[in-house]
Amino acid sequence: MDARQFKSQMLPLSREMFATAVSLTHNVRTAEDLVQDAYERLWIHRNELDRVDSLGKYANATVRHLYIDNRRKGKGLHIDLHQEMLFADSSADTERQTEASEDTRTVFRLIELLPQQQQRIITLRDIEGREYDEIEKLTGLSQIAIRVNLSRARKTVRLQFKEYYRNERK
């Protein structure tokens with residue numbers, strides 16, 4: 001399945017997937033993140049979607065499975081790095097949703113390029129939504145060191161993200 005087919009078949013399912021995610025999480029923002037993760041998983045397995053009888057049921061099952069997996073792992077779904085994703089009817093909003101998903105994947109790739117300590121701290125704070133006290137216990141660093149590393153990590157990701165998009169437009 002190519003990108004055009006994926007968009008035409010999967011993006012119309014976003015409202016249904018979002019409703020499933022909201023019913024599971026009881027939180028709009030977390031539900032948006034869950035749907036975004038589901039789209040990423042569906043995209044990764046796009047070549048297997050031809051064998052699926054009902055894409056709607058499969059997409060909703062993907063949302064449910066991701067929710068269960070994240071609950072089992074004790075992993076937070078809150079992502080502060082990209083807050084602009086909205087689910088709506090118009091094709092312009094659907095395009096923005098796709099771009100937001102691509103932006104989030106880019107941010108995750110940029111986080112993977114950070115030094116290990118910064119990578120761990122930004123993951124714990126911004127992706128998993130953990131408190132500074134908890135990060136302090138997990139890392140053994142003082143809260144001041146955590147804040148400094150987090151600030152540096154965010155700044156690096158922000159600058160690299162801007163640079164990435166400057167290069168994309170050329």
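**Entry 1: Thr104**

I began with Thr104, which lies in helix 5 (residues 91–112). Helices here are DSSP runs of H or I with at least four residues, strands are runs of E with at least two, and both are numbered from the N terminus. I then looked up its accessibility: at 7% relative accessibility, Thr104 counts as buried. For my own reference, buried means under 20% relative accessible area, exposed means over 50%, and partly exposed is in between, with a 1.4 Å probe and protein chains only.

**Entry 2: ground rules**

A friendly reminder to myself: this is a predicted model, where local features need pLDDT of at least 70 and side-chain atom pairs count only at pLDDT 80 or more, while totals for chains, interfaces and linings use all residues. Residues are numbered from 1 along each chain as its sequence is written, and side-chain values use heavy atoms, with hydrogens and water left out.

**Entry 3: the whole chain**

I counted elements next and found 8 helices and 0 strands in the protein chain. Along the sequence the pattern reads α-α-α-α-α-α-α-α. Of the 170 residues, 39% count as buried. I looked at contacts too (heavy atoms within 4.5 Å). Among those between residues at least 6 apart in sequence, 66% join residues at least 24 apart.

**Entry 4: Thr20**

Which helix holds Thr20? I found Thr20 in helix 2 (residues 14–25). Its relative accessibility is 14%, so Thr20 counts as buried. Leaving out residues up to four places away in sequence, Thr20 touches Asn60, Val63 and Arg64. With Asn60 there is a side-chain polar contact of 2.8 Å. A polar contact is a pair of N or O atoms within 3.5 Å; within protein, one must be able to donate a hydrogen and the other to accept it, and residues adjacent in sequence count only if both atoms are side-chain atoms.

**Entry 5: helix 1 against helix 3**

Last, I looked at helix 1 (residues 3–10) and helix 3 (residues 28–44), which pack at about 135° with their axes 11 Å apart. Axes are lines fitted to C-alpha atoms, for helices over the stretch in contact, and angles run from 0 to 180 degrees between N-to-C directions. Helix 1 and helix 3 are therefore oblique to each other; angles under 35 degrees count as roughly parallel, over 145 as roughly antiparallel, 65 to 115 as roughly perpendicular and the rest as oblique. Ala3, Phe6 and Met10 in helix 1 meet Tyr39, Leu42 and Trp43 in helix 3.
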